[in-house]
Amino acid sequence: MSVLHDHAGVLDRRVRVQGRPIDSYPALPPEAVRGSVRRVTVVGEEVLHQPCQEVTEFRTPALHRLIDDMFLTMHVADGAGLAANQVGIDLRLFVYDCRDEDGVRHVGHLINPVLDEPDPARRRLIEDTEGCLSVPGARMDLSRTDHAVARGFDKDGNALVIQGTGYFARCLQHETDHLNGHLYLDRLSTRDRKDALRQMAARREQVFAERAAKAAQLGH
């Protein structure tokens, strides 16, 4: 039985914030309301291509401010997830605002995440279109497992276990990849990677303009 269904099989459609159901939640997360927009790094920048450092200090104003800024930056860029190295910060942290295969919205952050290895006997790969805020304008098909479990901590140092299905499972895997120094481009064939980079070259300026317009609309 899924954690999102009761014993009668009825889907609980409440928003999951840090893995817990919430009765009411705004379209723009409170963190984003408090945050400021940061520049999103682009493929080729060194910080994206090396493993990030573990977070060792929790409950700090700097960490809380970083999370707030990452939420707003993600929202302005119309992303489903954002890793710290995508705003130039070498720390194992990502934020997310993403729906799963049932359309249930998941919102939160995860620090020092580790993905559980899927059971080979139950592992099921799903091919779907994937993009990345650090590869602006490109989208490619990529296979990922249809279920993911990520373990880590919140900003106060409390242990968390976040489970995802469908596109949210893809998000958890994609963002953890970032913190290990890998982009989704690294999982593509040479030909598909070149195709993605061609897409980026053709569309990146339009994407940047759209992000700037949305930031201005929000007063940033």
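These legends describe views of one predicted model. Local features need pLDDT of at least 70, side-chain atom pairs count only at pLDDT 80 or more, and totals for chains, interfaces and linings use all residues. Residues are numbered from 1 along each chain as its sequence is written, and side-chain values use heavy atoms, with hydrogens and water left out.

**View 1. The fold of the chain has four helices and nine strands.** Helices (H or I, at least four residues) and strands (E, at least two) are DSSP runs numbered from the N terminus. Their order along the sequence is β-β-α-α-β-β-β-β-β-β-β-α-α. The radius of gyration, taken over C-alpha atoms, is 17 Å, close to the 17 Å that the globule rule (2.2 Å times the number of residues to the power 0.38) gives for 220 residues, so the chain is as compact as a globular protein of that length.

**View 2. Buried residues make up 47% of the 220 residues in the chain.** Buried means under 20% relative accessible area, exposed over 50%, and partly exposed in between (1.4 Å probe, protein chains only). Of the contacts (heavy atoms within 4.5 Å) with a separation of 6 or more, 67% involve residues 24 or more positions apart.

**View 3. Phe 58 lies in the loop between α1 (30-34) and α2 (61-76).** Phe 58 is partly exposed, at a relative accessible area of 24%. Beyond its neighbours within four places in sequence, Phe 58 is in contact with residues including Leu 63, Ile 111, Asn 112 and Phe 153.

**View 4. Phe 58 and Asp 156 are 98 residues apart in sequence.** Their C-alpha atoms are 5.3 Å apart in space. Asp 156 is one of the contacts of Phe 58, as are Lys 155 and Gly 157.
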